[in-house]
Amino acid sequence: MSEVIYGTRELKRARYAVATVFCVHGAVTGSFATRVPWIQEHAGVSAGQLGLALAFPAIGASVAMPLAGSISHRFGARTALRGLLALWTLALILPSLAPNLLTLCAALFVYGASAGMSDVAMNALGVEVETRLDKSIMSGLHGMWSAGALIGSAGGTLAAHLGADARLHHVLAAGVLTVAGFIACRWVLDLRPTEDEEPPPRFALPPKSALLIGAVGFCAVFAEGASLDWSAVYLRDVLDTSAGLAAACTTGFTLTMAIARIAGDRVVDRFGAVRTVRISGIGAALGALMVVVAPNPAVAMAGFGLLGLGIAVVVPLAFAAAGRSGPNPSQAIAGVATITYTSGLVAPSAIGTIAETTSLVVSFGVVTVLACGLVVFAGVLRAGDRTARTKVPEQVSPAAADPARKS
């Protein structure tokens with residue numbers, strides 16, 4: 001990318017702009033998730049068919065994410081993000097229009113593809129802003145995504161409560177979010193390739209560094225997906241709680257993650273990415289263990305809360321490390337994003353399969369083991385550890401830096 005000098009004011013403005021983009025992106029997800037029952041009824045699909053259809057967003061994202069780098073190279077980062085984000089916000093309309101299973105699968109494939117490409121583009125710009133500000137912001141950006149998802153789900157809950165047609169709801173939501181995203185993109189960094197810069201391949205396997213970083217993200221997203229989809233079921237079936245208390249556990253887990261991400265940047269700036277993930281992994285493993293051995297709902301809910309607190313900053317730090325792990329940030333971020341999306345797809349069904357053959361307690365024993373993996377493999381995030389990088393120059397003496405001074 002061409003080297004453009006931005007002042008402090010422009011960088012701060014770019015930070016707020018990309019934070020708004022993350023919020024818009026999350027709001028689309030929240031708006032969709034709350035109307036899934038309406039979409040299922042409108043399309044006339046069974047629970048099993050709906051489960052099949054809901055796999056298509058992850059499939060679409062995995063197929064399309066590698067394209068984000070070449071699109072940004074061709075049109076520039078700002079224009080690419082503006083177009084991809086608009087494609088994502090407008091794709092919200094498609095699932096509610098689907099009259100049957102086939103069209104629902106096709107709509108969700110497009111929905112997921114646009115989600116994945118815009119996800120890569122906004123994370124790449126977020127990493128670039130973080131690098132130029134020389135301070136951690138990725139955790140806060142992902143916290144804004146969580147906040148957007150909560151806003152979108154609140155609007156969807158209100159629409160469902162009023163009995164509003166999801167087609168009308170999603171058209172209105174898509175219109176508002178498209179305008180908000182278009183305005184925010186005016187102030188993101190306008191990065192463009194240099195004349196001699198080689199365009200990235202349209203499709204390419206992620207680099208080895210991205211695979212290792214993605215493995216850490218896989219552990220975190222697996223724990224997140226398992227907790228989001230199964231925490232309420234765990235409290236209901238294992239600990240015999242009421243439906244209301246079980247649902248409150250899931251809400252508490254989501255809020256814990258959002259708060260931890262928004263506050264996480266200060267922790268990362270103080271302790272560095274690697275140390276933060278190791279400490280977070282210990283907390284996540286303890287939380288998952290509390291869930292496994294919980295004698296009552298209160299202990300299990302505390303465990304889920306600690307688990308959410310522990311995994312909250314891992315994925316943002318994985319994206320940051322990927323963006324600094326090689327010469328092509330978009331390709332590395334796409335690789336990590338593909339792995340994490342796959343983890344999010346695999347986790348709910350894997351937990352269900354293990355629970356069916358053994359028990360839900362054993363399933364969350366697996367989550368405990370994966371949380372321990374965060375502690376063991378945190379070192380692969382060293383590429384994104386800004387604290388470790390900024391300490392290096394302080395260890396070099398002026399004479400060592402300039403051999404002429406030795407004479």
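Select Asp-134. This residue is partly exposed, with a relative accessible area of 40%. Asp-134 sits in the loop between H8 and helix H9 (138-161). Check its backbone: phi is near 60°, a positive value in a residue other than glycine. Most residues other than glycine have a negative phi. Remember that the model is predicted.

Jump to Asp-240 next. Its phi is also positive, about 55°, although Asp-240 is not a glycine. The setting is the loop between helix H11 (208-237) and helix H12 (243-271). Is Asp-240 buried or exposed? Asp-240 is exposed, because its relative accessible area of 67% is over the 50% cut-off.

**Salt bridges**

How many salt bridges does a search of the whole structure find? The search finds 6. Three of these stops follow.

Show the side chains of Arg-132 and Glu-128. They meet in a salt bridge, 2.7 Å from N to O. Both residues belong to helix H8; they are 4 residues apart, so about one helical turn separates them. In an α-helix there are 3.6 residues a turn, so residues three or four places apart point the same way. Glu-128 is partly exposed, at 23% relative accessible area.

Now pick Arg-192 and Asp-190. They form a salt bridge whose closest N and O atoms are 3.6 Å apart. Arg-192 counts as partly exposed, at 38% relative accessibility.

Then take Arg-261 and Glu-224. The closest N and O atoms of this salt bridge are 3.9 Å apart. Arg-261 lies in helix H12 and Glu-224 in helix H11, so the pair ties together parts that are 37 residues apart in sequence. Here both partners, Arg-261 and Glu-224, are buried.

**Helices H4 and H5**

Color its buried residues: Pro-57, Ala-58, Gly-60, Ala-61 and Ala-64. They cover an arc of only 160° around the axis, which puts them on the same side of H4. What covers these buried residues includes helix H3 (47-53), H5, H8 and H16.

Step past the end of H5 to Gly-76, which has a positive phi near 90°.

Ile-59, Val-63, Leu-345 and Val-346 make a nonpolar surface patch of about 270 Å². H4 and H16 are the elements that give two or more residues to this patch. Click on Leu-345, which has its place in helix H16. Leu-345 is partly exposed, with a relative accessible area of 34%.

**A cysteine in H8**

Select Cys-105, in helix H8. Cys-105 counts as buried, at 8% relative accessibility. Which residues is Cys-105 in contact with, leaving aside its neighbours within four places in sequence? They are Ala-53 and Phe-56. Draw a line from its C-alpha to that of Gln-49: the separation is 9.6 Å, for residues 56 apart along the chain.

**A threonine in H13**

Select Thr-276, found in helix H13 (residues 273-293). Thr-276 is buried, because its relative accessible area of 5% is under the 20% cut-off. Show what Thr-276 touches beyond residues up to four places away in sequence: Val-267, Val-268, Phe-271, Val-313 and Leu-317.

**Into the core**

Finish inside. The largest nonpolar core has 113 residues. H8 gives the largest share of this core, 15 residues. Which residues have the most contacts inside the core? Select Leu-307, Ile-311, Phe-364 and Val-367.

Center on Leu-307 and show its surroundings. Leaving aside neighbours within four places in sequence, Leu-307 is in contact with Ala-223, Ser-227, Phe-253, Ala-284, Gly-287, Ala-288 and Val-367.

Note on methods
Residues are numbered from 1 along each chain as its sequence is written. This is a predicted model: local features need pLDDT of at least 70, side-chain atom pairs count only at pLDDT 80 or more; totals for chains, interfaces and linings use all residues. Side-chain values use heavy atoms; hydrogens and water are left out. A nonpolar core is a set of buried Ala, Val, Leu, Ile, Met, Phe, Trp, Tyr and Cys residues joined through side-chain atoms within 4.5 Å. Buried means under 20% relative accessible area, exposed over 50%, partly exposed in between (1.4 Å probe, protein chains only). Contact means heavy atoms within 4.5 Å. Patches are made of residues with over 30% relative accessible area and no salt bridge: like charges are joined within 9 Å, nonpolar side chains (Val, Leu, Ile, Met, Phe, Trp, Tyr) within 5 Å. Accessible areas come from the Shrake-Rupley method with a 1.4 Å probe; for residues, only the protein chains shown count as cover. A salt bridge is a side-chain nitrogen of Lys or Arg within 4 Å of a carboxyl oxygen of Asp or Glu. The arc is that of the directions from the helix axis to the C-beta atoms.
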